[in-house]
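Student: Could we go through this protein together? I would like to know how to read it.

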Amino acid sequence: MVAGKVKKPGKRGRKPAKIDLKAKLERSRQSARECRARKKLRYQYLEELVSSKERAICALREELEMYKQWCSAMDQGKIPSEIKALLTGDEQKTPQSAGGTKTSKNSKNNKNSVGSNSQG
């Protein structure tokens with residue numbers, strides 16, 4: 001006994017393992033199996049998320065390329081048939097010129113004029 005420290009038997013320290021060693025190992029294996037299954041599901045989810053984002057990126061790049069082609073055509077004085085269709089409400093009565101676009105082009109025309117002003 002040193003400086004007031006008295007050992008109390010049975011209160012501290014490791015208790016003897018009462019749990020069956022085989023049962024403990026089986027629980028550990030089961031836990032590892034469940035962990036691997038969760039990990040696999042998480043990776044599958046992330047792979048699906050990545051592939052959907054990649055598809056969206058490809059679609060947006062194609063759309064951007066289409067808009068670039070439209071802009072270059074308009075810079076050359078040509079109006080693409082798709083824009084005519086948008087401006088006339090999907091009706092192409094006069095495909096040879098832009099004269100057939102009347103009142104339905106107001107909102108679309110404002111967007112086009114802003115784009116042409118920024119390039120001038």
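Student: Where does pLDDT stay under 50 in this one?

Tutor: This is a predicted model, and its pLDDT stays under 50 over residues 92-120. For that stretch the model has 21 contacts beyond four places in sequence. Where pLDDT is low, the predicted coordinates should not be read in detail.

Student: And which helix has the lowest confidence, and which the highest?

Tutor: Confidence is lowest in helix H3, residues 106-119, with a mean of 45. It is highest in H1, at 96. The protein averages a pLDDT of 76, and 59% of the residues score at least 70.

Student: How many helices and strands are there?

Tutor: The protein has three helices and zero strands. Read from the N terminus, the order of elements is α-α-α.

Student: What about aromatic pairs, how many does the structure hold?

Tutor: The structure holds one aromatic pair. The ring centres of Tyr67 and Trp70 are 5.5 Å apart and the planes stand at 70°, so the pair is edge-to-face. The cut-off needed here is that planes over 60 degrees apart count as edge-to-face.

Student: Where do Tyr67 and Trp70 sit along the helix?

Tutor: They are three residues apart in helix H1, which covers residues 21-75, and this separates them by about one helical turn.

Student: Is Trp70 buried or exposed? And what about Tyr67?

Tutor: Trp70 has a relative accessible area of 13%, so it is buried, the cut-off for buried being under 20%. Tyr67 has 37% and is partly exposed.

Student: What is the relative accessible area of Gln69?

Tutor: Gln69 is also placed in helix H1. Its relative accessible area is 48%, so Gln69 is partly exposed.

Student: How far apart are Gln69 and Pro80 in space?

Tutor: From C-alpha to C-alpha they are 9.1 Å apart, while in sequence eleven residues separate their positions.

Student: New topic: which residues make the nonpolar surface patch?

Tutor: Tyr45, Leu46 and Leu49 make a patch of about 280 Å². Tyr45 lies in helix H1.

Student: What is the accessible surface of the whole protein?

Tutor: It comes to about 11200 Å², and 55% of that belongs to carbon and sulfur atoms. Buried residues make up 8% of the 120 residues.

Student: Last one: what share of the contacts joins residues at least 24 apart?

Tutor: Among contacts between residues at least 6 apart in sequence, the share is 13%.

Definitions and conventions
Residues are numbered from 1 along each chain as its sequence is written. This is a predicted model: local features need pLDDT of at least 70, side-chain atom pairs count only at pLDDT 80 or more; totals for chains, interfaces and linings use all residues. Side-chain values use heavy atoms; hydrogens and water are left out. Rings of Phe, Tyr and Trp (its six-membered ring) pair if their centres lie within 6.5 Å; planes under 30 degrees apart count as stacked, over 60 as edge-to-face and the rest as tilted. Helices (H or I, at least four residues) and strands (E, at least two) are DSSP runs, numbered from the N terminus. Buried means under 20% relative accessible area, exposed over 50%, partly exposed in between (1.4 Å probe, protein chains only). Contact means heavy atoms within 4.5 Å. Accessible areas come from the Shrake-Rupley method with a 1.4 Å probe; for residues, only the protein chains shown count as cover. Patches are made of residues with over 30% relative accessible area and no salt bridge: like charges are joined within 9 Å, nonpolar side chains (Val, Leu, Ile, Met, Phe, Trp, Tyr) within 5 Å. A salt bridge is a side-chain nitrogen of Lys or Arg within 4 Å of a carboxyl oxygen of Asp or Glu. pLDDT is the predictor's confidence in each residue, from 0 to 100.
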